[in-house]
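Subject: Handing over a structure, with notes on what was found

Dear colleague,

I am passing this structure on to you, and I would be grateful if you could read the notes below with the sequence and the model open beside them.

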Number of protein chains: 2
Amino acid sequence: MPHGWPGVIEHYAQWLPVSDATPRITLLEGNTPLIPSETLAGRLGEGVRLYFKYEGVNPTCSFKDRGMTMAVSKAAEEGAACTICASTGNTSAAAAAYSARAGIESVVLIPDGYVALGKLAQALAYGARTIAIDGDFDDCLTLVRAISDSYPVALVNSLNPYRLQGQKTAAFEVCDRLGRAPEYHALPVGNAGNITAYWMGYCEYHEAGVIESLPAMLGFQAAGACPIVRGEVCEKPETVATAIRIGNPARWQEASAALRESGGRIEAVTDDEILEAYRELSSEEGIFCEPASAASWAGLKLLAAEGFFDGVECTVVATLTGHGLKDPDMAVKMALEPEKAPNELGAVVEMLGLG
Amino acid sequence: MPHGWPGVIEHYAQWLPVSDATPRITLLEGNTPLIPSETLAGRLGEGVRLYFKYEGVNPTCSFKDRGMTMAVSKAAEEGAACTICASTGNTSAAAAAYSARAGIESVVLIPDGYVALGKLAQALAYGARTIAIDGDFDDCLTLVRAISDSYPVALVNSLNPYRLQGQKTAAFEVCDRLGRAPEYHALPVGNAGNITAYWMGYCEYHEAGVIESLPAMLGFQAAGACPIVRGEVCEKPETVATAIRIGNPARWQEASAALRESGGRIEAVTDDEILEAYRELSSEEGIFCEPASAASWAGLKLLAAEGFFDGVECTVVATLTGHGLKDPDMAVKMALEPEKAPNELGAVVEMLGLG
């Protein structure tokens with residue numbers, strides 16, 4: 001194709017562990033909009049320019065596509081018979097989509113009886129083969145690791161190192177759009193892979209001299225699932241923000257290093273704060289995201305309330321990791337019932353305050 | 001913002017009825033991927049290069065965003081107190097999102113008792129004010145027209161002429177990517193606004209000398225809702241492809257002109273053909289779309305079966321109008337139940353044929 005965005009691998013090939021021999025298994029992910037805040041920025045502080053990196057408009061509607069194009073391309077290069085993961089959310093959807101694109105079978109292990117079909121619907125639509133194991137989620141994880149250790153099967157869970165490589169391209173895109181790095185980059189933190197990947201991306205651009213400064217990384221966990229904030233594993237993580245309901249993050253150490261090295265912060269936001277932020281993003285900025293994504297904005301408000309942005313001139317980027325359509329049940333739950341009116345012009349005009 | 005895609009109005013301003021005084025109410029819609037077919041193209045014919053114009057990755061996950069950025073920007077320019085429409089699907093979602101972005105109230109009229117909250121959830125998430133009228137859908141349409149005729153309220157239904165203006169930019173993008181027009185452009189047809197808009201876009205580029213040839217437009221209706229194919233209003237349109245379940249298209253005449261002038265075709269595809277196409281797109285190309293979108297691919301297969309592409313060298317673009325997450329119920333309905341396995345490495349390895 002002569003023109004246009006070729007997907008993150010082809011566009012950023014020189015920054016990624018790929019060669020000409022690596023197939024580009026792509027759905028033209030990435031190149032997502034960096035949407036300037038119209039109304040909410042002012043609530044942080046007068047000198048704050050705020051942008052939302054809206055990852056919900058990737059092909060499977062979450063940032064996972066960036067990592068999965070890498071993971072599945074490398075799986076195809078290595079001749080994997082199938083991809084495998086234990087996941088019920090955005091990871092399994094992206095794994096299934098890219099595996100379908102590659103013509104490789106996608107296998108998803110789930111605990112039997114545990115998962116509602118609705119959560120899995122997207123992976124199933126992409127043709128994933130789903131196996132319900134007579135065990136719990138940890139059993140599934142143990143099985144997928146054991147299988148990928150001994151057979152030509154590509155593990156595409158968060159342990160897959162190529163996924164972070166793909167995800168770091170979002171930081172490149174932010175810098176390419178702004179012409180520099182922002183002062184602050186806010187992210188929801190669950191498994192902590194994304195904050196790790198962004199920091200990797202920023203550091204690589206910085207070392208290469210593409211950007212002159214680095215952002216401070218601001219991570220936000222849900223209060224009911226905030227092991228990094230508390231400094232201890234959370235045995236029973238619980239939050240409405242299912243995409244960050246993680247008690248023992250896979251990239252805990254790396255994320256801690258990113259926070260330390262960047263001079264950043266990690267804080268917890270309550271479910272109420274997350275849902276308020278979720279509503280504000282859609283009804284005031286026109287951006288509909290997953291509840292987990294809204295942790296970015298909820299956290300920024302928390303910092304603003306303690307004066308963090310007072311008198312500061314800065315650019316802040318907040319990543320919104322997934323589209324609101326990923327969690328339609330939450331949208332319905334949050335929705336108000338319609339008002340009622342007779343079939344009469346005058347009555348409707350009056351209700352609308354136009355009379 | 002110094003770099004990056006600025007949304008369809010700013011990017012194509014010279015082709016649109018806007019001035020510097022027109023506010024750009026944008027969520028950075030457009031610039032959607034033109035995804036090359038990896039596996040399905042070969043089923044049409046050896047000489048066919050097939051691309052999918054994937055409109056599901058717009059901000060509200062359908063092509064409606066292109067028209068709505070225009071309609072709401074003009075509404076804001078004209079000082080509208082609110083936007084209004086009678087819709088329960090993609091139109092109301094886009095209207096609500098762009099109205100929220102503009103800081104204008106969005107009003108959606110629906111027939112009382114008729115609509116499931118799930119269909120409306122996206123519009124409600126964006127903060128739309130929904131009024132259930134004690135009447136049917138035609139009553140709602142009559143009311144919104146009457147209100148917009150007499151009050152400073154912007155009607156953003158399909159009658160709004162700015163919407164077609166915005167939608168035509170998709171044809172521009174196709175030409176800009178390919179460096180020319182395709183030989184054929186396939187589209188699902190419901191209200192027939194989109195096929196009208198694409199044809200308008202191609203013709204404008206052609207008249208201006210940007211492209212040297214024009215595509216033949218291929219329109220596909222659902223067999224249970226195919227008034228243009230039959231040449232008569234369909235009193236009770238019925239199809240799984242809800243986004244094209246229209247019995248009396250608003251742009252019937254314009255679409256007929258586009259088909260005639262372009263030397264195109266319009267055909268009907270059955271629900272079974274649509275659902276098969278829907279499954280093939282997601283499980284073979286990795287592209288998850290609304291059932292209505294799949295009518296594009298279903299129709300192309302129909303033409304191929306009659307030898308339409310035999311011995312022809314050509315480029316075909318098929319528009320996929322909305323994301324599969326728009327209709328999660330259909331995805332669940334189409335999904336297979338997970339297989340079951342014991343928590344035992346050997347058993348799972350055997351099931352996967354790896355043993």
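Helix 7 (residues 169–178) of chain A is a mostly covered element, with nine of its 10 residues buried, where buried means under 20% relative accessible area, exposed means over 50% and partly exposed lies in between, computed with a 1.4 Å probe on protein chains only. Those buried residues are A:Thr169, A:Ala170, A:Ala171, A:Phe172, A:Glu173, A:Val174, A:Cys175, A:Arg177 and A:Leu178. After helix 7 of chain A comes A:Gly179, which has a positive phi near 80°. Helices here are DSSP runs of H or I with at least four residues and strands are runs of E with at least two, both numbered from the N terminus.

Please keep in mind that this is a predicted model, in which local features need pLDDT of at least 70 and side-chain atom pairs count only at pLDDT 80 or more, while totals for chains, interfaces and linings use all residues. Residues are numbered from 1 along each chain as its sequence is written, chains are lettered from A and ligands numbered from 1 in the order in which they are written, and side-chain values use heavy atoms, with hydrogens and water left out.

Helix packing

In chain B, the axes of helix 7 (residues 169–178) and helix 8 (residues 193–207) come within 7 Å and cross at roughly 50°; axes are lines fitted to C-alpha atoms, for helices over the stretch in contact, and angles run from 0 to 180 degrees between N-to-C directions. Helix 7 of chain B and helix 8 of chain B are therefore oblique to each other, given that angles under 35 degrees count as roughly parallel, over 145 as roughly antiparallel, 65 to 115 as roughly perpendicular and the rest as oblique. On the side of helix 7 of chain B, the contact (heavy atoms within 4.5 Å) is made by B:Ala170, B:Ala171, B:Phe172, B:Val174, B:Cys175 and B:Asp176, and on the side of helix 8 of chain B by B:Tyr198, B:Gly201, B:Tyr202, B:Glu204 and B:Tyr205. These contact residues divide into eight nonpolar, one polar and two charged, where Ala, Val, Leu, Ile, Met, Phe, Trp, Tyr, Cys and Pro count as nonpolar, Asp, Glu, Lys and Arg as charged, and the others, Gly among them, as polar.

B:Lys168, in the loop between helix 6 (161–167) and helix 7 of chain B, is buried, with a relative accessible area of 1%. Not counting residues up to four places away in sequence, B:Lys168 touches B:Trp15, B:Leu16, B:Ala197, B:Met200, B:Gly201 and B:Glu204.

In chain A, helix 11 (residues 271–285) and helix 12 pack at an angle of about 110°, with their axes 8 Å apart, which makes helix 11 of chain A roughly perpendicular to helix 12 of chain A. Here A:Glu273, A:Ile274, A:Glu276, A:Ala277, A:Glu280 and A:Leu281 of helix 11 meet A:Ala295, A:Trp297, A:Ala298, A:Lys301 and A:Leu302 of helix 12, and the residues of this contact divide into seven nonpolar, no polar and four charged.

Aromatic pairs

Rings of Phe, Tyr and Trp (its six-membered ring) pair if their centres lie within 6.5 Å, and planes under 30 degrees apart count as stacked, over 60 as edge-to-face and the rest as tilted; by this rule the count comes to 20 aromatic pairs over all chains. The rings of A:Tyr184 and A:Phe309 have their centres 5.8 Å apart and their planes at 90°, so this pair is edge-to-face. The pair links distant parts of the chain, 125 residues apart, with A:Tyr184 in strand 7 (residues 184–188) of chain A and A:Phe309 in the loop between helix 12 (295–305) and strand 10 (314–320) of chain A. A:Tyr184 counts as buried at 17% relative accessibility, and A:Phe309 is buried with a relative accessible area of 1%. One aromatic cluster is formed by A:Trp5, A:Tyr12, A:Trp15, A:Phe172 and A:Tyr205.

Backbone

Most residues other than glycine have a negative phi. B:Cys61, by contrast, has a positive phi near 75°; B:Cys61 is found in the loop between strand 2 (48–54) and helix 2 (64–77) of chain B and is buried, with a relative accessible area of 0%.

With best wishes
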